[in-house]
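I opened the model to look up a few local features and kept these entries as I went along. The sequence and structure come next, followed by my notes.

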Amino acid sequence: HNAVHAADVLHTLHAVLTHGRLMAHYVDGLGLLSSYLAAVVHDYGHLGLTNDFLVASSAPLAVRYNDRSPM
């Protein structure tokens, strides 16, 4: 949940689209741009902590969501 993770997700998405031959048949230019952008920002604001840790430490985010999937 940092820049390395974002780059890894972006690269994996590109590999799946390329090697699965999905770009030529299923994704247009705007769809490709949207997919790449979503891959890069999908964890924006993620704390890098597990739900269990947040609940166990009574983090404000866990309290706000009643200890049910705070992330």
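Which residues does leucine 10 touch, not counting residues up to four places away in sequence? I found that leucine 10 touches Tyr36, Ala39 and Val40, where contact means heavy atoms within 4.5 Å.

Before going further I noted that this is a predicted model, in which local features need pLDDT of at least 70 and side-chain atom pairs count only at pLDDT 80 or more, while totals for chains, interfaces and linings use all residues. I also noted that residues are numbered from 1 along each chain as its sequence is written, and that side-chain values use heavy atoms, with hydrogens and water left out.

Entry on leucine 10. I placed this residue in helix H1, helices being DSSP runs (H or I, at least four residues) numbered from the N terminus. Leucine 10 counts as partly exposed because its relative accessibility is 29%, given that buried means under 20% relative accessible area, exposed over 50%, and partly exposed in between (1.4 Å probe, protein chains only). From leucine 10 to valine 40 I read 6.0 Å, C-alpha to C-alpha, across 30 residues of sequence.

Entry on the helix pair. I looked up H1 (residues 3-19) against helix H3 (residues 29-41), and their axes come within 8 Å and cross at roughly 150 degrees; axes are lines fitted to C-alpha atoms, for helices over the stretch in contact, and angles run from 0 to 180 degrees between N-to-C directions. On the H1 side I listed Ala6, Val9, Leu10, Leu13, His14 and Leu17, which meet Leu32, Ser35, Tyr36, Ala39 and Val40 in H3.

Entry on the ends of H1. At its start, a side-chain oxygen of asparagine 2 reaches to within 3.0 Å of the backbone nitrogen of valine 4. Alanine 3, which is in H1, counts as exposed because its relative accessibility is 63%, and its C-alpha is 10.0 Å from that of aspartate 43, 40 residues apart in sequence. After H1 comes arginine 21, with a positive phi near 55 degrees, in the loop between H1 and helix H2 (23-26); arginine 21 is exposed because its relative accessible area is 66%.

Entry on aspartate 67. I found this residue in the segment after helix H5 (60-64), with phi near 60 degrees, a positive value in a residue other than glycine. Aspartate 67 counts as partly exposed because its relative accessibility is 43%.

Methods
Helices (H or I, at least four residues) and strands (E, at least two) are DSSP runs, numbered from the N terminus. A polar contact is a pair of N or O atoms within 3.5 Å; within protein, one must be able to donate a hydrogen and the other to accept it, and residues adjacent in sequence count only if both atoms are side-chain atoms.
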